[in-house]
Amino acid sequence: MSENRPGRTPATRGGSEVARPSTGHLAKRTVRDSLIPAPLQGFGVTFAQIFRKVTTEQYPFEPKVTKPRYHGRHVLNRHPDGLEKCVGCELCAWACPADAIYVEGGDNTEEARYSPGERYGAVYQINYLRCIFCGLCIEACPTRSLTMSNDFELADDNRQDLIYTKEQLMAPLLPGMEQPPHPMRLGDDEKDYYLRVPEAGSAAEAVVGEKA
C-alpha cells in the first residue's frame with residue numbers, strides 16, 4: 001500500500017505506458033547574488049589581473065627549480081660497489097598503466113655478475129612518448145632500483161630518441177664503485193646487500209638523480 005507524497009503527482013497507468021510523476025516542484029529558482037550585470041562581472045575579473053605583479057621566468061637561461069619529490073626522468077640505481085640494484089623482476093613493467101616500460105631479465109653467472117641476485121635487467125627501456133610520470137613503477141620496485149629524478153627536460157624532435165635504454169638510465173659510477181660485471185664486494189650472499197646497515201654519510205648510499 002503506497003501513500004501519496006504532498007506536492008507530487010502519483011504515477012498513473014494508461015494502456016501499456018506508465019506516466020511518470022511530475023518533478024517540476026524540484027526545480028530551484030534562479031537567484032542573482034549581485035545587482036551588477038554578468039558581463040561587467042566578467043570584465044571586472046579581467047581588469048583586476050592588470051594590477052597584479054607579473055611573474056616572468058627566464059627559462060631556459062635560468063633553470064627552473066623543481067620540488068624535491070618531483071617526478072622526472074627515471075634512474076636505475078647502483079649498490080655502493082657498483083653492482084646494479086635491478087634484478088630483472090619486471091614488476092615495474094607490469095605496474096605501468098601506459099605500457100611504457102620494457103624489461104628482459106638475464107641470469108647472473110660467476111664469470112659475469114651484474115647484480116647481487118640470481119638475475120639482472122639485461123634489457124631495460126622506457127618509452128617517454130607513453131610515460132605519464134605517475135610513479136607506480138617506482139612503488140612496485142622491490143629493491144628501490146628504479147627512482148625518479150628532477151630532470152624534466154625530455155623534449156626532442158626525434159621519436160626514437162625518446163625511447164631511453166638501460167645505458168641512458170643507469171646512474172653514473174660514484175667514487176668507490178666498479179663497473180659491472182664483477183664479483184660481490186659487500187658480502188658473500190645477496191642478503192648482505194639488503195640486510196646490512198648503510199654507512200653514515202656515504203655518498204654511494206644516496207639515490208643518484210643526475211643525468212648519466
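Visitor: Hi! Which residues lie nearest the centre of the largest cavity?
Guide: Hello! Nearest its centre are Cys86, Cys89, Cys92, Tyr124 and Cys141, out of 14 lining residues. A cavity here is a set of points on a 1 Å grid over the protein atoms alone where a 1.4 Å probe fits but cannot get out, and lining residues have an atom within 4 Å of a point. This is a predicted model, in which local features need pLDDT of at least 70 and side-chain atom pairs count only at pLDDT 80 or more, while totals for chains, interfaces and linings use all residues. Residues are numbered from 1 along each chain as its sequence is written, and side-chain values use heavy atoms, with hydrogens and water left out.

Visitor: What volume does the largest cavity have?
Guide: About 100 Å³, where volume is the space filled by probe spheres set on the grid points, joined across faces, edges and corners.

Visitor: And how much space lies in the second largest cavity?
Guide: About 60 Å³. Its lining has nine nonpolar, two polar and no charged residues; Ala, Val, Leu, Ile, Met, Phe, Trp, Tyr, Cys and Pro count as nonpolar, Asp, Glu, Lys and Arg as charged, and the others, Gly among them, as polar.

Visitor: Which residues does the UniProt "binding site" annotation cover?
Guide: The unreviewed UniProt entry lists Cys96, Cys131, Cys134 and Cys137. They span 42 residues in sequence, but no two of their C-alpha atoms are more than 10.4 Å apart, so they gather at one spot. Cys96, Cys131, Cys134 and Cys137 also belong to the lining of the second largest cavity. UniProt positions follow the numbering used here, feature names are shortened, and annotations may be inferred rather than shown by experiment.

Visitor: Is Cys96 buried or exposed?
Guide: Cys96 counts as buried, because its relative accessibility is 17%. The cut-offs are under 20% for buried, over 50% for exposed and partly exposed in between, with a 1.4 Å probe and protein chains only.

Visitor: What is Cys134 in contact with, leaving aside neighbours within four places in sequence?
Guide: His71 and Pro97, with contact meaning heavy atoms within 4.5 Å. Cys134 is partly exposed at 33%.

Visitor: Switching topic, in what order do the strands of the open sheet come?
Guide: The order is β4-β5-β7, with antiparallel pairing. β4 and β7 stand at the edges with a single partner strand each, so one side of each has no neighbour in the sheet. Strands are DSSP runs of E, at least two residues, numbered from the N terminus, and two of them pair if DSSP finds at least two bridges between them.

Key:
On a 1 Å grid over the protein atoms alone, a cavity is a set of points where a 1.4 Å probe fits but cannot get out, and a pocket is an open set with protein on both sides within 12 Å along at least five of seven lines; lining residues have an atom within 4 Å of a point. Helices (H or I, at least four residues) and strands (E, at least two) are DSSP runs, numbered from the N terminus.
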